[in-house]
Amino acid sequence: MQFPDDDNGKMLQAMQESGIDLSKPLDVDFFLVFDDQRDAESALEDLSQSEQAGEVELQFNEEIEKWELIVCINMVPEYQALVARETELNSFAAEFDGMTDGWGVMQHQDGDDEFADDEHECDDHCHH
């Protein structure tokens, strides 16, 4: 599959090359950044009341020294859909003096123990 020669296209190309199935829905994290905590909290409150929000999380990113609102949306990572959602979220963030700062996908790979919980003990409620 060919992708446009821009950041989104390069990200999708890298995901495909790493073996991620781009035809299936994935949790895509969109990053919105704000200089001011109050702006970020206002955006979070407004987005939380929206029906299309997905999961949202607010944190201070010490690396870039900005408030980061992470919007997780389950979607098929198709180029045009990603660009449209990123554009929509950038317009939304601008209303609160913020902007988008890219997107990404957390993908657990076989043999990746980074997410292993050594203290977890399986019981009747486990689903793995």
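**Helix crossing and salt bridges in a predicted model**

User: In this predicted model, what is the handedness of the crossing in which H1 passes H3?

Analyst: The two elements concerned are helix H1, residues 7-17, and helix H3, residues 79-94, whose axes come within 10 Å of each other. As H1 passes H3, the crossing is right-handed.

User: How are H1 and H3 oriented to each other?

Analyst: The axes of the two helices cross at roughly 130 degrees. Angles of 65 to 115 degrees count as roughly perpendicular and those over 145 as roughly antiparallel, with the rest counting as oblique. H1 and H3 are therefore oblique.

User: Which residues in H3 are met by Asn8, Gly9 and Leu12 in H1?

Analyst: By class, the contact of H1 with H3 has 4 nonpolar, 2 polar and 1 charged residues. On the H3 side, the residues that Asn8, Gly9 and Leu12 meet are Tyr79, Leu82, Val83 and Glu86.

User: Which residue forms a salt bridge with aspartate 36?

Analyst: Aspartate 36 counts as partly exposed, at 25% relative accessibility. Its partner in the salt bridge is exposed, with a relative accessible area of 61%, and the closest N and O atoms are 3.4 Å apart. That partner is arginine 38.

User: In which helix do arginine 85 and glutamate 88 both lie?

Analyst: The side chains of arginine 85 and glutamate 88 meet in a salt bridge, at 3.8 Å from N to O, and glutamate 88 is partly exposed, with a relative accessible area of 34%. The two residues are 3 residues apart, about one turn of the helix, and both lie in helix H3.

Key
Residues are numbered from 1 along each chain as its sequence is written. This is a predicted model: local features need pLDDT of at least 70, side-chain atom pairs count only at pLDDT 80 or more; totals for chains, interfaces and linings use all residues. Side-chain values use heavy atoms; hydrogens and water are left out. Axes are lines fitted to C-alpha atoms, for helices over the stretch in contact, and angles run from 0 to 180 degrees between N-to-C directions. Helices (H or I, at least four residues) and strands (E, at least two) are DSSP runs, numbered from the N terminus. Angles under 35 degrees count as roughly parallel, over 145 as roughly antiparallel, 65 to 115 as roughly perpendicular and the rest as oblique. A crossing is left-handed if the near helix is turned anticlockwise from the far one by less than a right angle, and right-handed if clockwise. Contact means heavy atoms within 4.5 Å. Ala, Val, Leu, Ile, Met, Phe, Trp, Tyr, Cys and Pro count as nonpolar, Asp, Glu, Lys and Arg as charged, and the others, Gly among them, as polar. A salt bridge is a side-chain nitrogen of Lys or Arg within 4 Å of a carboxyl oxygen of Asp or Glu. Buried means under 20% relative accessible area, exposed over 50%, partly exposed in between (1.4 Å probe, protein chains only).
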